[in-house]
Amino acid sequence: MDKYVEKLENCVEYVRTVTDFVPSVAIVLGSGLNNYADQVEKVCEISYRDIPGFPVSTAPGHDGRFIFGWIRKVPVVVMKGRIHYYEGYEISDVVLPVRLMRCLGAGVLLLTNAAGGVNKDFHVGNFMVIRDQITCFVPSPLRDGDWSAYGSVFPDMSDVYDSELAGKILAAAGRAGYVLQQGVYLQASGPAFETKAEIRAFRTMGADAVGMSTAVEATAAHQMGMRVCGLSCITNMACGVTDRPITGAEVNETAERVAADFTALVSLITEAVGK
Ligand code: HPA
């Protein structure tokens with residue numbers, strides 16, 4: 001058997017010794033947004049370090065566990081602690097958690113992240129529904145392993161962020177009084193924030209927001225047939241949009257400041273896409 005597929009199957013086998021819970025929506029929490037996990041009516045949790053061969057997150061604020069349970073009657077698995085490419089992992093390990101959640105039964109993936117605003121019409125504290133993506137200087141998560149049993153080897157990418165789900169999200173958010181931005185998310189490799197020249201280039205390429213995650217996870221999930229949706233929290237304006245340097249502290253401060261809105265949005269999105 002392909003060694004990457006075998007690794008995935010070993011992870012699935014371990015989780016099934018702990019819980020038979022079948023999630024329908026998988027949720028990945030972004031930087032500074034991990035406290036959302038407290039919203040889950042928890043059935044069970046599994047620490048990444050207990051899963052054989054599983055990558056263990058080292059980034060501050062990413063404490064590394066799957067939370068299984070319910071949000072507004074929707075069965076979910078929440079990834080509290082993301083695996084980032086900039087931490088030095090193989091790209092196949094960065095997307096292993098998403099593949100695992102797919103194998104546990106999740107048909108929908110909600111990716112969240114903290115991002116820099118590239119679009120000058122955006123404001124710090126805005127939320128953006130991701131409609132498309134660009135990957136830049138990051139390898140494809142499909143290059144290692146034989147994923148042909150899970151979907152096409154050359155997947156079509158014209159609707160990675162499921163437009164029907166995006167429509168449901170915008171409608172549900174609108175009913176609750178939220179005005180959301182929409183746009184293209186660009187994944188850069190990090191861990192350095194981007195340069196001014198890179199941000200100018202990314203804007204010309206069509207990016208509205210920039211971050212260090214999400215696109216590779218969306219690609220792997222899409223290849224495996226998941227319906228993907230994404231929500232970016234614009235925690236800062238990207239390099240060069242203002243004169244101020246970007247800091248991790250600013251990212252976390254904004255994430256903390258908008259935590260109540262983020263919580264409300266993720267719950268209403270989960271309900272909207274989980275139906
Ligand atoms: N760039 C990359 N990643 C980020 C940013 C940014 O400006 N803000 C939050 N995550």
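**Exercises on a cavity, a ligand site and the backbone**

A search of the whole structure finds one cavity of 30 Å³ or more, where a cavity is a set of points on a 1 Å grid over the protein atoms alone at which a 1.4 Å probe fits but cannot get out. The model is predicted, so that local features need pLDDT of at least 70 and side-chain atom pairs count only at pLDDT 80 or more, while totals for chains, interfaces and linings use all residues. Residues are numbered from 1 along each chain as its sequence is written, and side-chain values use heavy atoms, with hydrogens and water left out.

**Exercise 1.** Find which residues line the largest cavity, and state its volume.

*Solution.* Begin with the volume, which is about 50 Å³ and is the space filled by probe spheres set on the grid points, these being joined across faces, edges and corners. Next, look for lining residues, which have an atom within 4 Å of a point: they are Tyr4, Lys7, Ser92, Asp93, Leu96, Arg99 and Trp147. Helix 1 (3-18), helix 2 (91-94) and helix 3 (96-103) are the elements that give two or more residues to this lining; helices (H or I, at least four residues) and strands (E, at least two) are DSSP runs, numbered from the N terminus. Finally, sort the lining into three nonpolar, one polar and three charged residues, where Asp, Glu, Lys and Arg count as charged, Ala, Val, Leu, Ile, Met, Phe, Trp, Tyr, Cys and Pro as nonpolar, and the others, Gly among them, as polar.

**Exercise 2.** Determine which atoms of Ala114, Gly116 and Asn236 face a nitrogen atom of the ligand, and at what distance.

*Solution.* A polar contact here is a pair of N or O atoms within 3.5 Å. A backbone N or O atom of Ala114 is 3.3 Å from a nitrogen atom of the ligand, and for Gly116 a polar backbone atom lies 3.4 Å from a ligand nitrogen. With Asn236, by contrast, it is a side-chain N or O atom that lies 2.6 Å from a nitrogen atom of the ligand. Then consider the ligand as a whole: taken alone it exposes 260 Å², of which the protein buries 95%, the areas coming from the Shrake-Rupley method with a 1.4 Å probe.

Terms used: On a 1 Å grid over the protein atoms alone, a cavity is a set of points where a 1.4 Å probe fits but cannot get out, and a pocket is an open set with protein on both sides within 12 Å along at least five of seven lines; lining residues have an atom within 4 Å of a point. A polar contact is a pair of N or O atoms within 3.5 Å; within protein, one must be able to donate a hydrogen and the other to accept it, and residues adjacent in sequence count only if both atoms are side-chain atoms.
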